[in-house]
Amino acid sequence: MSPSPRPSPRPSPQRPAVVVLDVNETLSDLGALEARLAGVGADPRVAARFLPAVLRDGFARTLREDPLPFADVAADVLRVELADPRGGRLDRPLEEAVTHVLGAFEEVVLHPDVPAGLRRFREQGVVTVALTNGGLSTCEALLERSGVREDVVHVLSVETVGLWKPHAAAYGHALDVCAAPAGDVLFVAVHPWDLDGAAATGMRTAFLDRAGTGVYPRHASAPTLTARGLDDLADRVLEG
C-alpha cells in the first residue's frame, strides 16, 4: 500500500499562536559532553556520535512500539562507546565513567540566542512550548537554571505518550495540550527529521541554521522559515 500524501504546512501571513520548540541541540548546547568525556580519558569526538546514536536506537524502539526512556537509551549507547578502546583509555571503571559523562545533562546551557528569543515571544503573547524526546525533569531543570522557565508556558516530554518524535503522537500531544490547530503552530528545531515529522502533522516549521550553511536535505519537507537563531526567528515572525 502506498503511503498517504503528507499535508503541507498551512501558509499564512499571520504570526503563529503557538511556537513549539525541540530541546536537545535546538535550545541546549551539548558542548559540556565533550568536557566530561575528556575528563574520563575518552576522546571528546565521541560526543558527535553520541546523540545521533541515541536517537537512532530510540527511533528503532519507537518503530516497534516498545520505546525506552531517553536516559536508559543514552546510558546504553554511551556504555558501548566508552568500552571501545578506539575511543580513548578510561581513567576509571566503565560504569563510573558513564555516570560522570551523563552528568553533563545537569550542567548544559542554552545557546546564547535562546533567552532573548523566548522573551520576545512571551512579551508578544505567543505561547511557547518545549517538547523533548528527553526526560521532563531534565528539561525543567535546564530551563530553571537558565532563568527562562517563566518564558515557556508548557514543558512537555514524549514520556507522556510513550512514543518518540517524529511519531505523529508526540506532536499531537503538544497540539492537544495547547488546544491549537496544527496550522496555527510553528515548530522549531535544528534537526530536519524533526521538522519533517512536524510538517507531516500540518504544522508550519522553522529551521535554526546556526552554522549558516544554507543547506537543507531535499528528502525532508522544506521548512516554512529559516533563521540563524531563536532571537532572529522571533524578529522575523513578530515583525512579519
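## Strand pairing

Val129 stands opposite His154 in strand 5. These residues belong to a predicted model, where local features need pLDDT of at least 70, side-chain atom pairs count only at pLDDT 80 or more, and totals for chains, interfaces and linings use all residues. Numbering runs from 1 along each chain as its sequence is written, and side-chain values use heavy atoms, with hydrogens and water left out.

Strand 4 (residues 127-132) pairs with strand 5 (residues 154-157) in the parallel sense, over 4 bridges. Strand 1 (residues 18-21) also pairs with strand 4 in the parallel sense, again over 4 bridges. There, Leu21 stands opposite Ala130. Pairing requires at least two DSSP bridges between the strands. Strands (E, at least two residues) and helices (H or I, at least four) are DSSP runs, numbered from the N terminus. Strand 4 is mostly covered, with 5 of its 6 residues buried. Buried means under 20% relative accessible area, exposed over 50%, and partly exposed in between (1.4 Å probe, protein chains only).

## Helix 4

Helix 4 spans residues 94-102, and Ala97, Val98, Val101 and Leu102 are buried. They cover an arc of only 125° around the axis, which puts them on the same side of helix 4. The arc is taken from the directions from the helix axis to the C-beta atoms. An α-helix has 3.6 residues a turn, so residues three or four places apart point the same way.

The buried residues of helix 4 pack against helix 1 (32-39), helix 2 (46-63) and helix 3 (70-83). Contact means heavy atoms within 4.5 Å.

## Largest pocket

The largest pocket holds about 330 Å³ of space. A pocket is an open set of points on a 1 Å grid over the protein atoms alone, with protein on both sides within 12 Å along at least five of seven lines; a cavity is a set where a 1.4 Å probe fits but cannot get out; lining residues have an atom within 4 Å of a point. Volume is the space filled by probe spheres set on the points, which are joined across faces, edges and corners.

The pocket lining has 20 residues, and Phe70, Ala71, Phe105, Gly135 and Thr138 lie nearest the centre. Helix 3 and helix 6 (136-145) each give two or more residues to this lining. Helix 6 gives the most, with 4. By class, the pocket lining has 10 nonpolar, 8 polar and 2 charged residues.

## Largest cavity

The count comes to 1 cavity of 30 Å³ or more. About 60 Å³ of space lies in the largest cavity. Asp22, Asn24, Leu51, Leu55, Thr132, Asn133, His191 and Trp193 line it.

How values were computed: Nonpolar A, V, L, I, M, F, W, Y, C, P; charged D, E, K, R; others polar.
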